[in-house]
Amino acid sequence: MKSHVAWLKRAGIAGLLSIVVSGCSDNNSSFSISDRTRSLIPEAQTGVSEAPGVVKLLDEKFGDPQTLKAWSKLPVQWGGASAKVEVFAADGADAKVKFVAGEGQTFPEKATFVNVVTGAGAGRTLQLSSWDAATGEAVLTGLGGATLAAGDTCSIDGGAVIQSGRVLYMRHCSHCHGTAGDGNGPTAQYLYPRPRDYRHGVFKFTSTNDMSKVSREDLLRVLRYGIPGTYMPSFLLMKDEELTAIVEYVRFLSMRGEFERKLVNELASDYSEEAVESRLKDEQRADIVGELAKFLAEDVPGVVDGIGAELEESWVAADSDEAKIVPSVPRVPDSEESRRRGRELYLSKTLNCADCHGIDGAGNGPQTVAFEKNPITNVPYDEPGLHDVWDNLNQPRNLHTGIFRGGRRPIDLFCRIHAGIKGSRMPSFKNTPHEDIWHIVNYVLSIPFEPEPGATGVASAPAAPATEAAAPAAGE
Amino acid sequence: MKKFWALFFWFWPLVALYVCLIAPGNNWWFPSKPLSTMGHQIDGLFYLILIIVTVTFVGTEFALGYALWMGATKEPGRRAWFSHGSHKLEVVWTIVPAFVLVFISLTQLDVLADIRVLARFPESVKEAPVAEVMARQFEWRIRYPKPGTELMTSPQPGDLYFVNEVHVPATVPTMINLRTQDVQHAFFVPRLRVKQDAVPGLIIPVWFEIEEAGEYELLCAELCGWGHYKMKARIIADSPEGVSAYLTRLEREQNEDGVQEAETASVK
Amino acid sequence: MATITPALETHGHEHEHAHGHHEQTFIQKYVFSTDHKVIGIQFLITTLLMLMVGGALALAVRWQLAFPWENMPIVGKLFGVFQGEGGQISPEFYTMLFTMHASVMIFLVIIPVLAGAFGNFLIPLQIGADDMAFPVLNMLSYWFMWPAIFCFGYSFIAGGATAGPANGWTSYPVLSDIASASPSSGEAQTWWLFGLTLVGVSSMMGSVNYMTTIINMRAPGMTLFRMPLTIWSMFITAILQAFALPVLTAAGFMLVFDRLHTLIPTSIHSVFFVPAGLVVNNAAPTVGGGQPLLWQHLFWFYSHPAVYIMLLPAMGMVSDMLACMCRKPVFGYKPMVYSMAAIAGLGFIVWGHHMFTSGMNPALGMTFMTSTMMIALPSAIKVFNWIGTIWDGDIQFNAVFLNCAAFVALFIVGGLSGIFMAAVPVDIYFHDTYFIVAHFHYVLFGATLFGVFAGVQFWFPKMFGRQMHDGVQKVHFVLTFIGMNGTFFPMHLLGIAGMPRRYADPYLHGYLEHLLPMNQFMTISAIIMGFAQFLLLGNFFYSMFYGKKVGRNPWGANGLEWSAPSPPGHGNFDVPPVCYRGPYEYSGPESEALGQDFILQTTAPPAGVKVASAHH
């Protein structure tokens with residue numbers, strides 16, 4: 001009797017402990033792999049013998065959330081600065097070191113660690129117990145017998161910004177935007193509209209022209225002021241360094257997503273499950289895999305470099321002055337006349353705003369009930385109405401609410417009209433004269449205050465057909 | 001062993017007292033001294049109750065411990081005290097706490113009226129609120145009236161908007177209109193000791209007088225969903241001139257047209 | 001005091017008629033039993049298990065507060081949802097944790113264990129009845145708990161893995177009303193409401209049974225003022241249930257009707273609590289016309305008496321146990337009765353103190369403030385009387401006594417912290433901060449639950465004919481006491497520091513960052529406290545089969561239940577009981593005459609002993 005009780009007790013305790021132990025063991029976060037990648041055959045995903053597949057390449061270039069990798073091609077501020085050792089003097093267990101900043105590098109104000117890149121201590125991470133950014137003098141601890149020589153290259157606080165960005169992102173952003181920025185965190189399914197999936201490299205609310213990506217400034221703006229009318233809140237009270245770090249990390253995630261997309265694009269036509277199935281009618285699987293192995297080994301490295309260059313170019317350009325939209329004329333003063341002119345343009349056949357936004361701006365134009373076709377697959381969507389590039393239902397804005405997601409300043413509305421809303425069906429009207437755009441802006445800003453919908457009449461003077469001509473505007 | 005238990009029951013109230021004594025020194029106490037006029041009244045009432053409660057706590061816990069001690073040190077064989085109670089004691093320990101409680105109730109009626117009863121709000125405040133604070137999931141959207149006009153319950157052209165930061169004048173009684181766009185929230189400014197639930201469908205006036213210019217944390221204090229904890233905002237109390245200057249700057253920013261050199265378009 | 005002729009014959013006659021000699025199957029005897037003792041034990045075991053569920057949820061909450069956004073043990077891997085995040089829970093999951101912790105603890109643990117377990121087991125035994133007035137109703141009241149448990153359990157997964165009910169146990173609309181307002185406001189909330197309604201039905205059945213039994217089925221000689229305080233407390237609690245519960249049920253139905261269209265699309269879509277024009281999560285604007293505050297009034301009209309439902313029975317039981325363990329009468333028996341009645345009565349007019357910042361009319365606030373202040377008075381009187389009961393007693397320092405002493409000590413803390421919140425201006429600061437959390441955990445855990453721990457050990461011999469191991473109970477007591485105070489006392493300080501409740505990550509706010517170490521200390525205390533409960537469970541289940549066997553009255557107590565066999569058979573008493581005296585005549589002249597320090601209520605008065613008259 002007693003013995004089986006004792007056994008029960010032991011089993012019970014063992015059971016409890018095992019749950020606790022298995023539940024308590026390390027749990028690492030991981031970047032998700034996109035559905036498109038999963039549509040490739042397994043060999044394309046993982047690789048063939050020595051040649052790495054998509055997943056391996058992603059890991060090589062970007063790492064996993066615990067160990068991020070910095071692909072130097074990418075225009076990301078990893079943080080820290082590269083430096084060379086000038087003087088090294090051991091001081092008991094510590095060492096006094098003087099660093100010289102690398103070419104074009106500036107020392108960070110604060111630093112806590114050093115990654116040794118070349119020399120006897122290569123690969124080590126040493127702690128800085130003191131750091132003087134002005135002179136580059138520091139005291140290193142945790143040497144464990146390692147020595148540095150003059151001329152050794154190091155990275156001071158290397159990756160500090162991106163690491164800090166990751167930590168902040170996981171705390172504040174990942175539950176909606178997902179660990180990989182795929183817009184599919186645990187909370188995402190409950191939100192409407194859904195959180196942004198960065199992996200297309202497309203962001204809606206930008207101040208850059210329609211061909212450019214989002215600038216750092218735009219991302220900071222979204223973080224600071226939120227997106228009104230959605231669950232993207234304002235993080236106004238975060239410190240500037242924190243916001244900057246998050247922006248860098250979001251850009252990093254976006255670049256990773258784009259890299260994945262572009263790489264899969266190269267492989268999908270020949271090596272997706274669908275494609276291989278139809279090929280199997282004529283070819284042997286082993287041959288296809290052999291072909292893939294050759295492709296991966298010989299051509300893909302070049303493809304990867306090419307994608308890297310593309311990313312570099314597009315993301316650097318987004319922050320340049322050339323990309324920014326600057327109206328050629330100041331805003332036309334808001335007046336009855338201007339609003340009427342704006343309404344006229346709104347209703348005009350060339351601009352055709354009413355087709356989507358409705359005749360009175362209520363967001364109920366004919367397009368909102370039509371069955372749109374997916375532009376890539378040519379298959380009609382299940383629900384009527386307009387969709388965005390992420391395949392979510394994304395209906396035109398009801399202009400009566402006075403809620404403008406990308407901001408309510410006149411320049412914000414100007415940018416929405418000029419560049420359109422990237423990723424959505426709001427097209428770019430960059431060929432419209434800027435003065436006309438201002439008229440429309442004035443009209444749109446006045447819509448919430450109309451005595452009744454549609455009360456704004458058209459302009460009293462007949463409109464000059466200037467809207468047809470493509471007026472060259474400065475700053476495009 | 002018995003004495004151990006009696007001492008056990010004497011020991012832990014002492015620990016509790018000790019923790020409370022060292023609490024203010026360790027910053028396990030109010031975030032700061034109260035920085036609004038009503039905050040002083042609230043803290044005063046708190047300390048009054050704290051004193052009464054501490055005396056009661058010490059008295060009753062000591063008595064309990066003593067009763068245990070008596071039991072622990074009883075001569076074996078001695079009978080328990082056969083008593084069904086004492087009418088006199090019952091009367092005493094009914095009347096005395098009753099008086100104390102009535103006293104606390106009466107003391108606070110004034111404070112309560114000052115904070116909540118519209119008729120007792122300072123005259124200057126009843127004229128017009130300085131801003132509408134609209135809580136929503138999961139941020140605070142602020143609407144100021146166009147400088148020089150009064151705040152209306154519905155948005156007007158020229159109204160100024162901001163998010164998560166409210167500028168109000170210090171040392172002047174100030175009122176805001178608290179609303180919510182979706183579910184219940186609560187406007188909680190700990191260092192001013194201000195709290196008011198935002199109820200859907202209602203516009204609730206909340207007044208306060210901030211004594212010192214500075215930044216005050218504003219957070220949500222009514223469960224409003226998964227982002228309840230994220231509603232981090234601030235109240236910036238400044239001189240009336242400072243607030244004016246801020247609103248002027250805000251108006252300018254709100255009318256930005258992206259053309260740096262050009263004059264800001266004015267709204268008619 | 002008049003003597004009452006025991007009506008032996010009539011009682012025996014009923015006994016024969018009611019219980020014919022039919023063979024009972026296992027199902028009839030142990031599963032769908034109508035025997036109040038079996039039902040009481042069923043409730044007890046179910047609630048003890050639910051206690052562990054509620055406790056696990058609480059530990060998850062504490063983990064998040066101590067190690068925010070780090071891998072949560074077990075949970076991080078249990079649902080595939082959090083794998084990508086490295087086991088980091090999502091904010092809506094946190095809101096579910098505290099909501100279900102409270103819901104399980106309140107509706108599936110505390111209310112059923114007091115009324116369902118102890119009420120059921122003790123009432124007929126202590127008043128000398130052979131069973132409850134309505135045995136079948138009694139059986140139903142237990143079996144309605146399981147559909148309720150199913151509904152609460154299903155609600156965890158109804159809308160999705162992380163969409164469990166998450167709107168607080170208080171379930172305020174508009175958050176709980178509009179489906180788009182929160183992930184849990186889809187299906188989960190509706191299932192939660194079903195669970196709530198079923199628990200309410202179970203409670204209501206119990207309440208009707210208890211009131212009827214206590215009024216009608218007392219043994220001869222058991223006048224109202226000879227009833228043990230346990231019975232008084234159960235009686236008053238049953239009255240509270242009867243009057244308050246219908247309001248909650250009505251409110252629950254109103255909320256279900258507001259929401260039914262999310263579950264069954266073409267059904268009812270009322271808007272009792274929803275004003276017009278709200279746009280939540282970009283859903284269509286609400287049609288409206290309702291008032292969110294209405295729910296608060298209706299909900300708290302029940303839930304405030306509910307907190308007394310969750311306290312009074314424990315108060316009654318503790319009085320019984322203290323008298324027994326100190327071998328002396330309860331100090332001030334009638335004041336104790338009147339105080340409980342006063343608490344219950346006043347409990348109906350204080351509900352607004354949960355709504356001081358809600359935006360209700362401030363004049364109402366003043367009236368509620370006054371009544372809330374007054375309700376502190378009867379509680380204080382009871383504390384003084386308990387101390388009086390222990391005073392100069394011949395104390396048996398066993399775990400039963402220790403748990404009861406802890407009840408008194410910790411109830412003092414809980415009651416005193418309540419006074420801060422009764423003062424409206426101070427409540428404006430403390431509402432929805434950890435000060436409130438400290439207060440109710442002290443009264444619900446520090447008081448009620450310690451009373452339950454004592455009661456379990458005290459009446460265990462009567463339930464199972466064996467004794468629980470006192471040494472293990474003492475260890476359980478020490479660990480629980482230290483853990484409980486370590487977890488909940490600092491919450492007072494957190495509240496003063498302005499830390500709001502229901503925050504997944506309070507450290508986002510600069511002025512709260514420095515409170516992390518304290519929260520970590522609290523979590524460690526909570527873990528100790530949580531694991532200590534396995535001692536109780538282990539002792540309970542082990543002793544049920546292998547505990548030391550005992551006779552009818554191992555404690556030397558006075559109540560009628562101790563005159564029955566341990567455990568009592570079908571019909572409870574082998575000798576029909578007659579009551580000759582009050583319940584707490586320990587160490588008095590009558591017991592002296594018998595050469596002991598107690599005398600059962602059913603023992604005929606010893607010859608030649610003068611009993612003092614009218615000693616209330």
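Biologist: How many residues does the contact take from chain C and from chain B?

Modeller: This is a predicted model. The contact takes 88 residues from chain C and 81 residues from chain B. Two residues count as in contact if their C-beta atoms, placed from the backbone, lie within 7 Å.

Biologist: Which element gives the most to the side of chain C that touches chain B?

Modeller: That is α13(C), with 16 residues. Other elements supply at least two residues each, among them α5 (91-127) and α17 (470-496) of chain C.

Biologist: How do the residues of the side of chain C that touches chain B divide?

Modeller: There are 58 nonpolar, 21 polar and nine charged residues. Leu counts as nonpolar and Lys as charged, so each residue is sorted by its type.

Biologist: How many residues does the contact between chain A and chain C take?

Modeller: The contact takes 24 residues from chain A and 23 residues from chain C. On the side of chain A, α1(A) gives the most, with five residues. By class, this side of chain A has ten nonpolar, 13 polar and one charged residues.

Biologist: What makes domain 1 and domain 2 of chain B touch, and how far apart are their C-alpha centres?

Modeller: The C-alpha centres lie 36 Å apart. Still, nine residues of domain 1 of chain B are in contact with ten residues of domain 2 of chain B. The cut-off is within 7 Å between C-beta atoms, so contact is judged residue by residue. On the side of domain 1 that touches domain 2 of chain B, five residues are nonpolar, four polar and none charged.

Notes. Residues numbered from 1 in each chain as written. Chains lettered and ligands numbered in written order. Predicted model: local features only at pLDDT ≥ 70, side-chain atom pairs only at ≥ 80, totals over all residues. Helix = DSSP H or I, 4+ residues; strand = E, 2+ residues; numbered from the N terminus. Domains from an automatic or database assignment.
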